[in-house]
Amino acid sequence: MKTAVAWMLWLITCMVFILSTRNPIYIMVVLLNLLILGNHLAKKKRNNEWLKHNTFFLLTMIGLSTIINSLFAHSGRNILFTLPKGWPLIGGNITLESLVYGAINGLVISALYLLFNILNLSLQIKQLTRLIPRAFHPIAMMVTIALTFFPSIQQRAQEIKEAQIIRGNPMKKMQDWIPILIPLLVTSLENAIQLSESMTARGYHVQVNKNTNLSLVGLVFGAFSIFSAWILQLYNYPEGILFVLYILGGLIILLTLLHSGKQRTSTQYYKEQWGFSDLTGAVFMSVYLLAYISLLSYNKLPSLFYSPYPNLSFPPLQLLGLLFSVLSIFPLFLSFND
Amino acid sequence: MKRRIKRILIDLIVLALGFLGLLSPFIFPQANSAATQGATFPIMISLIIVLCLFIVLFEAQTSLIDNKIMAFLGVLIAINAGLRFLENAIPGPAGFSPVFFLIILTGYFFGSRLGFLMGAMTLFVSALITGGVGPWLPGQMITAGWVGQSAALLKATVDIFKWEGRPIELILLSGFGAFWGFLFGAIMNLWFWPFLGAGQGQGFLQSAGFSQNVQRYTAYYLATSLIWDASRAVGNVIILAALSRPVLKILSRFKLRFSFQHREQSTT
């Protein structure tokens with residue numbers, strides 16, 4: 001899989017699954033799959049340290065989450081030991097349940113972290129930049145300028161720093177950085193002037209969008225509608241109202257962005273090629289996602305929810321749940337085809 | 001004038017939506033219930049913040065219609081993203097990041113819109129470069145944007161009292177840096193915290209009142225990120241006190257060169 005759209009579909013599908021389950025075994029299966037997939041992708045980029053770094057980081061994160069939760073939450077029946085009650089906030093029982101709860105939270109966070117880490121590994125920077133909606137073309141242009149200038153500015157900073165060191169700059173205090181920062185700023189901003197002149201000379205000109213006010217109203221209205229749907233959802237309002245609000249808000253935002261993007265013509269210098277694996281991946285993910293959501297909304301799925309409260313028990317295991325949790329490794333099989 | 005009112009209105013809406021989202025566990029106690037929320041809280045908050053970013057960026061990009069400003073900001077963002085890599089090289093306490101220095105000065109010198117763009121886009125670009133795109137990014141972007149935006153308020157204060165060029169200007173800037181060093185951490189923790197504490201009778205107590213939850217959050221904040229944020233605040237103070245004078249001088253020189261306007265000759 002190489003195209004951004006296919007990877008985004010993969011991301012959304014995996015995220016929906018991770019966020020809808022709290023069963024630690026399923027999440028662990030997902031984590032394992034993600035680690036295998038990430039290791040494969042990192043090895044392709046000759047980054048052999050990826051697995052080591054990330055395993056260490058994830059273990060720290062899960063450990064920290066477990067400890068913090070157990071210190072701040074004291075409910076549960078299986079008491080391991082008790083801290084003196086007099087200690088502010090952390091004093092009280094340390095229970096097995098709160099440890100388990102914290103660990104599950106850590107697992108969910110780790111899985112989310114890894115998902116995005118793999119997305120960063122698999123997509124190139126220019127593909128990520130292309131994901132900025134066309135309605136934000138001045139912003140996208142600015143980001144492109146920044147990304148283009150970044151390597152040369154880094155190089156220049158290094159050169160100035162070396163020149164300063166040769167001249168005997170000790171580089172100890174903050175003041176010693178003035179002779180580096182100032183030339184860097186001046187030369188780079190001179191470059192910016194040249195760039196803007198050549199942009200003007202080549203005829204680059206941002207058109208003033210005539211319907212800015214209307215689009216703004218649309219965006220505000222859409223955001224407000226989604227926000228209120230979320231708040232109503234917290235208070236268990238009927239699903240019909242929520243559904244209408246979510247769809248309405250989403251549609252308004254989508255249409256506004258599409259409409260104001262359409263007024264801008266653009267040429268594509270680099271076009272993504274859809275290969276066999278991208279098509280397979282995209283279709284597979286969409287089918288999976290639709291199946292999952294429809295099963296979820298008709299309550300046909302086995303219960304994915306798990307909580308250590310009130311009784312600590314072994315999490316239930318079902319075939320369908322396991323089947324959904326191994327999905328995250330799917331791009332690995334496609335990558336043999338690339 | 002009309003444009004100004006529009007901008008203030010947009011800012012207020014975005015601030016209200018963003019803070020209502022971030023503070024929702026304090027205001028709407030159900031946001032904390034694991035049964036209705038599960039693990040979706042951080043993602044929903046990120047989504048709402050993305051929508052807020054859409055609104056404010058859509059409005060802010062109308063100040064980018066000039067090629068010069070676009071190139072200027074693009075290059076400044078590249079420099080700032082580069083400074084993030086110098087984190088280890090610049091002497092300073094651990095956890096300190098020089099990234100806020102240019103954001104604050106840009107907002108201070110060029111006004112709230114460019115300050116916001118500078119803050120939000122710096123974090124976006126450096127996330128693209130370092131491979132740090134994730135659900136935490138929208139929160140970081142909007143908070144850094146607020147850093148730049150609020151620096152314009154500082155400028156207004158300095159202008160009113162005519163403190164420009166006096167030592168008190170530097171003191172104010174350093175204090176501002178310290179303030180945001182702490183606040184940035186506190187806001188970024190909000191995104192995350194109900195998720196960590198969610199559960200039965202934990203972190204957030206559903207039955208507990210607003211003040212009690214604030215107390216608990218304060219304790220959590222003190223325990224987890226105070227040291228980190230304190231070193232960021234100290235770093236901001238040091239770097240702003242040492243470097244802002246010469247950098248402001250450079251910026252004021254370039255402001256003249258970047259702000260001229262082409263005007264079409266009227267054909268009679």
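**View 1**
Start with the scores for the predicted model: ipTM is 0.88 and pTM is 0.89. For chain B, the mean pLDDT is 81, and 82% of its residues reach 70 or more. Take care with residues 198-206 of chain B, though, where pLDDT stays under 50. Even so, the model has 31 contacts beyond four places in sequence for that stretch.

**View 1. Where chain A touches chain B.**
Chain A brings 75 residues to this contact, and chain B brings 71 residues. On the chain A side, the elements giving two or more residues are helix 1 (4-20), helix 3 (50-72), helix 4 (96-122), helix 5 (125-130), helix 6 (137-166), helix 7 (178-201) and helix 8 (212-234). Which of them gives the most? That's helix 7 of chain A, with 15 residues. Sort the chain A side by class and you get 55 nonpolar, 17 polar and 3 charged residues.

**View 2. Helix 9 against helix 12 in chain B.**
Here helix 9 (residues 167-190) of chain B packs with helix 12 (residues 226-258) of chain B at an angle of about 155°, and their axes are 8 Å apart. Angles over 145 degrees count as roughly antiparallel, so that is the word for helix 9 and helix 12 of chain B. The crossing of helix 9 of chain B with helix 12 of chain B is right-handed. Look for B:Trp180 and B:Phe182 among the helix 9 contact residues, and for B:Trp228 and B:Arg232 among those of helix 12. By class, this contact has 10 nonpolar, 6 polar and 3 charged residues.

**View 3. Helix 5 against helix 7 in chain B.**
Now find helix 5 (residues 67-85) and helix 7 (residues 112-130) of chain B, whose axes come within 9 Å and cross at roughly 50°. Helix 5 and helix 7 of chain B are therefore oblique to each other. Is the crossing left-handed or right-handed? Helix 5 of chain B passes helix 7 of chain B in a right-handed crossing. The contact includes B:Leu73, B:Ile77 and B:Arg84 from helix 5, and B:Met118, B:Met121 and B:Val125 from helix 7. In this contact, 10 residues are nonpolar, 3 are polar and 1 is charged.

Key:
Residues are numbered from 1 along each chain as its sequence is written. Chains are lettered from A and ligands numbered from 1 in the order in which they are written. This is a predicted model: local features need pLDDT of at least 70, side-chain atom pairs count only at pLDDT 80 or more; totals for chains, interfaces and linings use all residues. Two residues are in contact if their C-beta atoms, placed from the backbone, lie within 7 Å. Helices (H or I, at least four residues) and strands (E, at least two) are DSSP runs, numbered from the N terminus. Ala, Val, Leu, Ile, Met, Phe, Trp, Tyr, Cys and Pro count as nonpolar, Asp, Glu, Lys and Arg as charged, and the others, Gly among them, as polar. pLDDT is the predictor's confidence in each residue, from 0 to 100. Axes are lines fitted to C-alpha atoms, for helices over the stretch in contact, and angles run from 0 to 180 degrees between N-to-C directions. Angles under 35 degrees count as roughly parallel, over 145 as roughly antiparallel, 65 to 115 as roughly perpendicular and the rest as oblique. A crossing is left-handed if the near helix is turned anticlockwise from the far one by less than a right angle, and right-handed if clockwise.
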